[in-house]
Amino acid sequence: MDETAMANQNMGGALARNLQFLRKQKDLSQEALAEQLGVSRQSISKWESGAAWPEMNTLLTLCEVFGVSLDTLLRGSAERSFAADTAGYDAHMDRFARAIALGVALVLAGVAFLMAFEGLRLYFLWDKAMEGVGVGGFMLFILLAAVIFIVHGIQHGNFCKKYPKLEPFYTQQQIDRYDQKFVWLIAAPVALILADVILLLVVGSLLESRGFGLSYSCWLLAVFLLVLGGCAAVLAWAGIQKSKYDLEAYNRENSPSPAEKKQEALIGAACGSIMLVAAALYVGLAAMDGSRYAWRELWWLFPVGGIACGAAVLFESCTATTKNPQTEWSGGIFLGRHSYALETAH
C-alpha cells in the first residue's frame with residue numbers, strides 16, 4: 001500500500017471515530033444528523049464505518065455543526081478536544097476575571113469619589129474638616145478593592161496549586177470566536193480612553209477660560225476617572241479571559257522553569273520598586289509643596305508608575321525572548337506571581 005493510500009485510510013478511520021463521538025456528544029441519531037445535512041441515513045452510516053467519504057461542502061458543514069476544525073475532524077481526536085472540564089476551570093476563571101475587573105474599577109471609582117466630594121466641598125464652601133469625609137469614602141472604595149484582590153488572588157493561587165496541569169478542552173471554534181471579540185474588547189476601551197483624555201483637555205480649557213471655579217474642574221476629573229475606571233475594568237477582564245483559553249500557558253506558568261521563575265521575580269521586584277518610588281515622590285513632593293491642592297495635583301504620578309511597570313514588563317519579556325526564542329511574550333497583566341498574558345505566541 002503506497003503512502004497516499006495509507007494516509008487516506010488513516011484519515012478515513014479518524015473521520016469515522018470522530019463522527020461517531022461528536023454525534024453522540026450532541027445526542028443526535030443518524031437520522032437527525034442526516035436531516036440537518038440533507039443526506040440519507042445510509043450516508044451517515046457509511047461515513048461512520050469508513051466505507052465512504054462526505055463531499056468537501058458536507059465536511060465543512062459538519063465542522064460548523066459540531067464546532068470543530070477540519071483538521072480535528074479528519075486527522076485529530078475529537079474526544080480529546082472535548083475533554084471534560086472536571087476541575088471547573090472555566091467557571092473559576094470567569095469569576096476571577098469579573099473580580100479583578102471589579103477591583104480595578106473600584107480603585108478608580110474611589111479616586112473619582114474623592115474628586116467629586118472635593119468639588120462639592122469647594123462649591124458649597126464646606127469647612128475644611130469635611131475633607132475627612134471624602135478621604136473616608138475613598139478609603140472605603142480601596143478597602144473593598146483590597147478585599148476582592150486578596151480573597152480572589154488567594155483562591156486563584158489555591159486553584160493553581162490544586163490543578164497545576166489541565167488537559168485542553170476548548171474547541172478551536174470557541175477560541176476563534178473569543179479572538180474575534182477580543183480585538184474589539186481592546187480597541188473600544190483604548191479609543192474611549194483617548195476620547196476621554198481629549199474631552200478632559202478641551203472641556204478643562206473651556207472651564208478655565210470662562211472663569212469657572214476649581215469645583216467644576218474636580219467634577220470634570222471625577223467623570224474622567226469614572227470612564228477610565230470602566231475602560232480599565234474591561235481591559236483587565238478581556239486580558240484574563242484571553243489567557244483563559246491558553247491552557248498551554250497555564251500549565252507552563254504553574255510548573256515554570258528556573259529561568260521563568262527568575263524572570264517573574266525580576267518583574268515583580270521591578271514593578272514593586274517603581275510603585276514604591278511613585279508613592280514616595282507623591283508624599284515627598286506634596287509635603288515639600290505645602291499647598292492644600294498638591295495632594296490632588298500630583299495624582300498623575302501613579303498612572304506614570306503604572307506605565308513604567310508596563311515598560312519594565314515588556315523590556316524583561318523582550319530580553320527573555322532574545323535569550324530563549326522558543327517563547328515570545330507580547331505583553332501581560334501580572335497579579336502576584338501569576339502572569340496573565342494578553343497574547344502568547346509559540
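**Figure 1. Helix 2 and helix 3 are roughly perpendicular to each other.** The model is predicted; local features need pLDDT of at least 70, side-chain atom pairs count only at pLDDT 80 or more, and totals for chains, interfaces and linings use all residues. Residues are numbered from 1 along each chain as its sequence is written, and side-chain values use heavy atoms, with hydrogens and water left out. Helix 2 spans residues 30–37 and helix 3 spans residues 41–49. Helices (H or I, at least four residues) and strands (E, at least two) are DSSP runs, numbered from the N terminus. The two axes come within 8 Å and cross at roughly 110 degrees. Axes are lines fitted to C-alpha atoms, for helices over the stretch in contact, and angles run from 0 to 180 degrees between N-to-C directions. Angles under 35 degrees count as roughly parallel, over 145 as roughly antiparallel, 65 to 115 as roughly perpendicular and the rest as oblique. Helix 2 contributes Q30, E31, L33, A34 and L37, which meet R41, I44, S45, W47 and E48 of helix 3. Contact means heavy atoms within 4.5 Å. The residues of this contact divide into five nonpolar, two polar and three charged. Here Ala, Val, Leu, Ile, Met, Phe, Trp, Tyr, Cys and Pro count as nonpolar, Asp, Glu, Lys and Arg as charged, and the others, Gly among them, as polar.

**Figure 2. Helix 7 covers residues 89–123.** Its 35 residues reach 50 Å from first C-alpha to last, close to the 51 Å expected at 1.5 Å a residue. The expected span is 1.5 Å times one less than the number of residues. L125 follows helix 7 and sits in the loop between helix 7 and helix 8. Phi of L125 is positive, near 55 degrees, in a residue other than glycine. Most residues other than glycine have a negative phi. L125 counts as exposed because its relative accessibility is 75%. Buried means under 20% relative accessible area, exposed over 50%, partly exposed in between (1.4 Å probe, protein chains only).

**Figure 3. V104 lies in helix 7.** V104 is partly exposed, with a relative accessible area of 21%. Leaving aside neighbours within four places in sequence, V104 contacts F149, A232, A233 and A236. V104 and F149 are 45 residues apart along the chain, yet their C-alpha atoms are separated by 9.0 Å.

**Figure 4. Y89 and F169 form an edge-to-face pair.** Their ring centres are 6.2 Å apart and their planes stand at 85 degrees. Rings of Phe, Tyr and Trp (its six-membered ring) pair if their centres lie within 6.5 Å; planes under 30 degrees apart count as stacked, over 60 as edge-to-face and the rest as tilted. Y89 belongs to helix 7, and F169 to the loop between helix 8 (131–162) and helix 9 (172–209), 80 residues apart. Both residues are buried. Ring pairs link Y89 and F169 into a cluster with F159, Y163, Y170, Y178, F182, Y245 and Y250. The count by this rule comes to 17 aromatic pairs.

**Figure 5. D196 is a buried residue in helix 9.** Relative accessibility of D196 is 8%. D196 touches F224, V227 and L228, not counting residues up to four places away in sequence. Across the chain of 346 residues, 37% are buried. The chain holds 14 helices and four strands. Among contacts between residues at least 6 apart in sequence, 73% join residues at least 24 apart.
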